[in-house]
Amino acid sequence: MNPIQAATIEREEGYWTHPDLPEWDEGVTRAECEAWAARQGGEFVAIWFELDASENLIERYFDEGDTDISDWQPVCDKAGSFLLSIHDTEDGPVALFFAPNAV
């Protein structure tokens, strides 16, 4: 099995999912997701919109109901990391990055 690699990102209204990311359902546990990342040779890093985006974007999303988050450009500072997904949750958008283990 080849580990997951970075893919070309084409966001639609700010959202995107890596084509090789498993399609987990609501019943999957955090431990199962983390085990998948470990088998890929790394870990997940989550960056939450509410904690990372500008005040203006946060206000637009939560107060005005504008769900287009294209202006949000989250960055993971871990070496070699790449985006796996930007998706909506019950707590608002989250960017999920894959950070490979240091060699």
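A residue counts as buried when its relative accessible area is under 20%, as exposed when that figure is over 50%, and as partly exposed in between. Keep that in mind as we walk through this structure, which is a predicted model.

Let's start with Glu34. Its relative accessibility is 40%, so Glu34 counts as partly exposed. Glu34 has a partner, Arg30: the two form a salt bridge, and their closest N and O atoms are 2.8 Å apart. Why are these two separated by about one helical turn? Because they sit four residues apart in helix H1, which covers residues 30–39. Arg30 itself is exposed, with a relative accessible area of 67%. Side chains of opposite charge can pair when their charged atoms come close.

The structure holds four salt bridges, so let's look at another spot. Arg60 meets Asp66 in a salt bridge, at 3.4 Å from N to O. Asp71 forms a salt bridge with Arg60 too, with 3.5 Å between the closest N and O atoms. This second pair links distant parts of the chain: Arg60 is in helix H3, while Asp71 lies eleven residues away in the loop between H3 and E3. Through shared partners, Arg60, Asp66 and Asp71 join into one network. Buried or exposed: how does Asp71 count? At 52% relative accessibility, Asp71 counts as exposed. Asp66 is partly exposed at 30%, and Arg60 is buried, with a relative accessible area of 19%.

Now for the rings. A search of the whole structure turns up eight aromatic pairs. One of them is Trp36 with Phe44, a stacked pair with 5.9 Å from centre to centre and 15° between the planes. Both Trp36 and Phe44 are buried. Phe49 and Trp72 are arranged edge-to-face, because their planes stand at 85°, with the ring centres 5.2 Å apart. Phe49 is in helix H2 (residues 49–52) and Trp72 is in the loop between helix H3 (55–62) and E3, so this pair, 23 residues apart, links distant parts of the chain. Phe49 is buried at 1% relative accessibility, and Trp72 is buried at 2%. Ring pairs also bring in Tyr61 and Phe62, making a cluster with Phe49 and Trp72.

Finally, head to the surface. Asp25, Glu26, Glu32, Glu50, Glu90 and Asp91 gather there in a patch of negative charge. Glu90 lies in the loop between strand E3 (82–87) and strand E4 (94–100). With a relative accessible area of 83%, Glu90 is exposed. Phe98, in strand E4, is buried, with a relative accessible area of 2%.

Terms used: Residues are numbered from 1 along each chain as its sequence is written. This is a predicted model: local features need pLDDT of at least 70, side-chain atom pairs count only at pLDDT 80 or more; totals for chains, interfaces and linings use all residues. Side-chain values use heavy atoms; hydrogens and water are left out. Patches are made of residues with over 30% relative accessible area and no salt bridge: like charges are joined within 9 Å, nonpolar side chains (Val, Leu, Ile, Met, Phe, Trp, Tyr) within 5 Å. Accessible areas come from the Shrake-Rupley method with a 1.4 Å probe; for residues, only the protein chains shown count as cover. A salt bridge is a side-chain nitrogen of Lys or Arg within 4 Å of a carboxyl oxygen of Asp or Glu. Lys and Arg count as positive and Asp and Glu as negative; His and the chain ends are not counted. The place of a charge is taken as NZ of Lys, CZ of Arg, CG of Asp or CD of Glu. Buried means under 20% relative accessible area, exposed over 50%, partly exposed in between (1.4 Å probe, protein chains only). Rings of Phe, Tyr and Trp (its six-membered ring) pair if their centres lie within 6.5 Å; planes under 30 degrees apart count as stacked, over 60 as edge-to-face and the rest as tilted.
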